[in-house]
Amino acid sequence: MKGNIELLRIVCVVLLVFTHTRHNFNDGIMYFMLYDLPKYGTLILSIISGYLYYSISRKNKNLFKKKIKSLAIPFLLANISVVIIVSAIFIIFDLNYLNRLSFDSGLVMEGIFSLNSPPINPPTYFIRDIFIIFVLVEILIKKKFKLIFLIIPFAFFGELILRYEILVLFIIGIIISKYLNNKNQKYIQLALLILLPLSYYFCEPIIKHLISIFIFISIINIKIKFFNVGGYTYLLHLYHSPVIVFIYPLLSKYISNIYMLVISQIILSIIVVYLLFLITRKFAVLKILSGQR
C-alpha cells in the first residue's frame, strides 16, 4: 500500500474523531476544527475507496466475499456490540445512552441495519454506504443479479445510500485512478483551482468536494514512506464514537476547561482504540473486528 494513502487514511479518521467530540462551541476556530474541517475526512475517504477499487481490487474474483468480511461484518459487529452494551446499561443501571433512537424495533432496523438513517454507532454509516456501493458494482458490472435481493430492503423500505456524495466521490476516485498521471496532474490541479472561486459564487455547497479532490490529487503521486495503519485506522473509525459517548460523562465531572475536555476526548479515544488494536494483534480471531486488517 502506498505510504501516502496510509497517511491520508489516518489523518481523515482522526478528523472524524474531532467531529464526534462533545462540546459547546458554536463559532470560532474551535468550531471550524471540530465541525467544518472533519467533513473533509469522509469525503477524502470516499475518493480513496474508489481509487483503491480501480487500481487494486477490481480484478479480484473474490472481491465481494472480501467486502463482506472487511465491510459488512465489521459494520454489524460495531453496531450490535453498542446495542448490547447500551441495552445492558439501561437494564442494569437505568441509564439511557440513546439520543436518536428508542428501545423498540427501531433499535434493530435503524440502530443496526441503518435502513433510513445512521446506525447507533453513527460514523459507521460510511461503511454501510461503501458496502452498498460494492453490491451495486457486483450487480451492474459483474452481472451478479441475485444480489439485488440484498439491496431490496434498503431500496424499498429505506434509503439505498444515505449520502450520495459518497457514491459520487467513489466514482471520482475511480476516474482519478484511471486517468491521473504525473503529466496531467498539474493541469487538473489548475482546473480545480479555477473552479473553486467559480463554485463559491454559483454552487457553494460543492466547494468542500472540490477541495477534497484537490487535496487527494496533490498528495496521491507524492512518494511518502509511512507504515501500514489500515487495521488501526479502521478500528478507530468503527469504535471512536462509542468510546467518546461512554467516557464523556466521567470526563465532564473532573475537567471544567472546555478545551481540555475536547482534547481529552480525542486523546483517550485514540488510546483506548489503540489498546483494542493491540488486543486484536494478540488474539488473531479478533481481527474479525477490523475486517481481517
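Me: Where is glutamine 292 found?

Reply: This is a predicted model, in which local features need pLDDT of at least 70 and side-chain atom pairs count only at pLDDT 80 or more, while totals for chains, interfaces and linings use all residues. Residues are numbered from 1 along each chain as its sequence is written, and side-chain values use heavy atoms, with hydrogens and water left out. Glutamine 292 has a positive phi of about 70° although it is not a glycine. With helices taken as DSSP runs of H or I of at least four residues, numbered from the N terminus, glutamine 292 lies in the segment after helix H12 (258-282).

Me: What does glutamine 292 count as at 47% relative accessibility?

Reply: Buried means under 20% relative accessible area and exposed over 50%, with partly exposed in between (1.4 Å probe, protein chains only). Because its relative accessibility is 47%, glutamine 292 counts as partly exposed.

Me: Where is the place of aspartate 94?

Reply: Aspartate 94, a residue other than glycine, has a positive phi near 60°. Its relative accessibility is 59%, so aspartate 94 counts as exposed. Its place is in the loop between helix H4 (63-93) and helix H5 (106-109).

Me: Which residues does isoleucine 89 touch, not counting residues up to four places away in sequence?

Reply: Isoleucine 89 is found in helix H4, and it counts as buried because its relative accessibility is 17%. Taking contact as heavy atoms within 4.5 Å, and leaving out residues up to four places away in sequence, isoleucine 89 touches Asp94, Leu95, Tyr97 and Phe246.

Me: At what angle do H4 and helix H11 (residues 230-254) pack?

Reply: Ser70, Leu71 and Ile89 are among the H4 residues that make the contact, and Tyr234 and Phe246 are among those of H11. Axes are lines fitted to C-alpha atoms, for helices over the stretch in contact, with angles running from 0 to 180 degrees between N-to-C directions. H4 and H11 are therefore roughly parallel to each other, a term for angles under 35 degrees. Their axes are 10 Å apart, and the packing angle is about 10°.

Notes: Helices (H or I, at least four residues) and strands (E, at least two) are DSSP runs, numbered from the N terminus. Angles under 35 degrees count as roughly parallel, over 145 as roughly antiparallel, 65 to 115 as roughly perpendicular and the rest as oblique.
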